[in-house]
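Work through the exercises below with the sequence and the 3D structure open. Each task is followed by a solution in steps.

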Amino acid sequence: LTASLIDLIIVNGILWGGLVIRFHFSPLQDPYASKDLVTIAGLHSLASACFLWVLAYRGIYSKERYSTRNMLASGFAASLIFMTCVYFIRSVAFSRLALGASSIVTTLLLVSWREILPSTAKRLRRRIFSTGRVIVLGNGEVTESLIENVETDSSARIQGIIWPTDEPPPGHFKGYPILGTIGHIRDVLGRERVDLLLIATTEPWYSHVIRALSSIHRNSLTIRWVPHEILDQDRENLPEEIPLHDFKV
């Protein structure tokens with residue numbers, strides 16, 4: 001719903017801007033200055049319907065079907081449909097050149113905000129909210145990918161790793177020291193000053209974490225865990241950024 005509202009604002013904003021600029025340099029009357037508001041409303045409704053319908057039909061509002069290539073193809077398809085309608089409906093054909101240019105700019109902006117806004121918001125969020133000291137519970141490929149995600153956060157400092165089994169652990173994992181095993185998680189959390197605990201393992205961890213929290217009473221500790229459907233995937237099928245769920249007792 002949010003994405004469609006942003007698209008709606010872009011479609012109508014660019015259409016309005018394109019026509020205003022076109023008639024500013026023309027002796028012809030600006031259609032927005034006329035009293036024929038029904039025609040103007042019809043033009044905007046037509047543009048909105050063409051773009052939003054095509055984007056919805058081609059799955060742009062679905063994470064599974066969205067891609068930059070699909071977005072570009074959908075935008076140009078919507079532009080083609082819109083210009084075809086304008087060609088046959090002469091009452092809204094104020095300036096085919098301005099409408100065509102507006103459609104192309106609209107398509108590029110619809111792609112741009114989807115590609116630029118999320119990464120910009122992510123960087124801004126990281127600047128505002130400092131992650132702080134991090135401990136990771138886990139091993140394996142998903143844990144490696146999760147560590148790589150954390151390493152891109154300049155406000156995060158990985159203190160070390162908690163090994164997810166009670167078997168003798170190696171000295172280091174991905175260059176970080178092993179602070180202890182899962183059976184000693186209470187001692188590790190009590191000893192280390194940590195702001196965020198990330199859990200990425202299929203090993204049973206819930207009871208260990210509950211016991212640790214009941215004894216250390218650290219309200220400032222945030223715990224997030226990787227969903228099991230992600231842990232079951234191979235490295236090549238993992239998302240670029242590992243999704244996390246908040247842990248709440």
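**Exercise 1. Aromatic pairs**

Task: State how many aromatic pairs the structure holds, and classify the pair W205 and Y206.

Solution: The structure, a predicted model, holds 6 aromatic pairs. Rings of Phe, Tyr and Trp (its six-membered ring) pair if their centres lie within 6.5 Å; planes under 30 degrees apart count as stacked, over 60 as edge-to-face and the rest as tilted. For W205 and Y206 the ring centres are 6.2 Å apart and the planes stand at 50°, so this pair is tilted. Ring pairs also join W205, Y206, W225 and F247 into a cluster.

Next, take accessibility: buried means under 20% relative accessible area, exposed over 50%, and partly exposed in between (1.4 Å probe, protein chains only). W205 has a relative accessible area of 10%, so W205 is buried. Y206 has 47% and therefore counts as partly exposed.

Two notes on the values apply throughout. Residues are numbered from 1 along each chain as its sequence is written, and side-chain values use heavy atoms, with hydrogens and water left out. Because the model is predicted, local features need pLDDT of at least 70 and side-chain atom pairs count only at pLDDT 80 or more, while totals for chains, interfaces and linings use all residues.

**Exercise 2. The chain as a whole**

Task: How many helices and strands does the protein chain have?

Solution: The protein chain has 8 helices and 7 strands. Helices (H or I, at least four residues) and strands (E, at least two) are DSSP runs, numbered from the N terminus. Of the 249 residues in the protein chain, 41% are buried. Contact means heavy atoms within 4.5 Å. Among contacts in the protein chain between residues at least 6 apart in sequence, 64% join residues at least 24 apart.

**Exercise 3. Helix α1 against helix α2**

Task: Describe how α1 and α2 cross, and sort the residues of their contact.

Solution: Helix α1 covers residues 2-24 and helix α2 residues 37-57; their axes come within 10 Å and cross at roughly 140°. That angle makes α1 oblique to α2, since under 35 degrees counts as roughly parallel, over 145 as roughly antiparallel, 65 to 115 as roughly perpendicular and the rest as oblique. Axes are lines fitted to C-alpha atoms, for helices over the stretch in contact, and angles run from 0 to 180 degrees between N-to-C directions.

On the α1 side the contact is made by S4, D7, L8, V11, N12, L15, W16 and L19, and on the α2 side by L43, H44, A47, S48, F51, L52 and L55. These residues divide into 10 nonpolar, 4 polar and 1 charged. Ala, Val, Leu, Ile, Met, Phe, Trp, Tyr, Cys and Pro count as nonpolar, Asp, Glu, Lys and Arg as charged, and the others, Gly among them, as polar.

**Exercise 4. Two single residues**

Task: Which residues do L109 and S145 touch?

Solution: Start with L109, which lies in helix α4 (residues 96-128). With 34% relative accessibility, L109 counts as partly exposed. Leaving aside neighbours within four places in sequence, L109 is in contact with I10 and I14. L109 and D7 are 102 residues apart in sequence and 8.9 Å apart in space, C-alpha to C-alpha.

Then take S145, placed in helix α5 (residues 140-151). S145 is buried, at a relative accessible area of 8%. Not counting residues up to four places away in sequence, S145 touches R235, L238 and I242.
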